[in-house]
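Here is a short note for a colleague who is opening this entry for the first time. Please keep the structure in view while reading the points.

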Amino acid sequence: MNRRTLTDALKSISVFALLALAAPACKKDGATTGAPAADEILIGEVGSLTGGEATFGKSTHNGIELALKQVNGAGGVKGKKLRLLTLDDQGKPEEAATTVTKLITQDKVTAILGEVASSRSLAMAPIAQSYKVPMITPSSTNPRVTAVGNYIFRVCFIDPFQGAVMAKFAANTLKVTKVAILRDVKNDYSVGLANFFTETFKKAGGEIVADQSYSAGDVDFKSQLTSIKGKNPQAIFVPGYYTEVGLVARQARELGIKVPLMGGDGWDSEKLTEIGGDALNGSFFSNHYSPDDMSPQVQKFIADYKSVFNTIPDGLAAMGYDAAMVLVDAMKRANSFSGEDIRQAIADTKNYQGVTGVITINENRDAVKSAVVIEVKTKKFVFKEKINPS
Ligand code: PHE
């Protein structure tokens, strides 16, 4: 090798070395790989950024991003900045399992935020548990999620409560006694919520006159709706996600079904009324938060969120924000950044003032919180009532 080529070779090596050194520091939020630099903590996020539930993933991501931006802007946690690594699971449980494994084993994240959908959190939780990496789901409400183990937490209420809220709303506010159910049998959340609703509604003296099912991804619900129509229910409980619920609403009206539809938090998306249009007017669903809440904390959150994302945060964004902030609060209190210490600190969370309510983690690693009932009126979500846990 002559002198000139050696110099050239050295030059390119040093450029390479510089790039390699600079790379971790240059990684933006949402990057997918990279070992943590000494002055940063990696947080992993798994969400449905694409697919039939994409608004769940996107809104949650925005909420988390806003939280981490504020925390980093205020100096981070114990002098370390938080860096978010976000992976898209496309709304598939198998992908959720693969991506959480990657975040833990390759990226070595300190904690996991996600998923929204219970079926996907159920696919992730055993993995986080086995690696002893704390996981907080913002909004998975199926009871089985946190039962997976002592590293798995949630900052939302659970479906026995949510189901009871809507059953009591049907019995006491709508004053109906005959309800039909249309559940998504491919969705753990939907199946669970349908059962919890049924339990409370029957206790309140109500009757379930039909119990029909569909599978996520279906587009034609006419045969189920026809058979429901034949039973003359006074309301139909459809505890599914927005894409199918929007179509169900349209087809129900096309078949001449006029009674209100009811649902749970899975309805919370601006796409619901984009898909369902006016067919959803006069329908009701339970949710975690309402932007109509006039408390100064909620209104400040809405203003901050709007200034970054130019839209009003839905419940998922609010839950994502709270999940990230509960994690940060725990990391500040934890003795170290070890999984065990952070786990203990999350478990010790008491009276944390979130934008979705006061969060205390109970012995099942769940939050006990109030719910709101929302009415869909001319394509808008209008706050109807707030129900506290008994
Ligand atoms: N609670 C739903 C589930 O467990 C997820 C969800 C939460 C969807 C909030 C929309 C809004 O699957």
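**Notes on the ligand site and the domains**

1. The largest cavity is the space taken by the ligand. Keep in mind that this is a predicted model.

2. At serine 118, a polar side-chain atom lies 2.4 Å from an oxygen atom of the ligand. Serine 139 uses its backbone: a polar atom there is 2.9 Å from a nitrogen atom of the ligand. Threonine 141 uses its side chain, where an N or O atom is 2.8 Å from a nitrogen atom of the ligand.

3. How much of the ligand does the protein bury? Taken alone, the ligand exposes 330 Å². The protein buries 100% of that area.

4. Then the chain as a whole. It is divided into two parts, listed here.
   - Domain 1 covers 3-157 + 296-369.
   - Domain 2 covers 159-287.

5. How far apart are the centres of domain 1 and domain 2? Taken over C-alpha atoms, they are separated by 32 Å. The domains also touch: 19 residues from domain 1 and 19 residues from domain 2 take part in the contact.

6. Last, the link between site and domains. Which domains supply the shell around the ligand? When viewing the model, look at the ligand with both domains shown.

Note on methods
Residues are numbered from 1 along each chain as its sequence is written. This is a predicted model: local features need pLDDT of at least 70, side-chain atom pairs count only at pLDDT 80 or more; totals for chains, interfaces and linings use all residues. Side-chain values use heavy atoms; hydrogens and water are left out. A polar contact is a pair of N or O atoms within 3.5 Å; within protein, one must be able to donate a hydrogen and the other to accept it, and residues adjacent in sequence count only if both atoms are side-chain atoms. Accessible areas come from the Shrake-Rupley method with a 1.4 Å probe; for residues, only the protein chains shown count as cover. On a 1 Å grid over the protein atoms alone, a cavity is a set of points where a 1.4 Å probe fits but cannot get out, and a pocket is an open set with protein on both sides within 12 Å along at least five of seven lines; lining residues have an atom within 4 Å of a point. A molecule sits in a cavity or pocket if more than half of its atoms lie within 2 Å of its grid points. Domain bounds come from an automatic or database domain assignment. Contact means heavy atoms within 4.5 Å.
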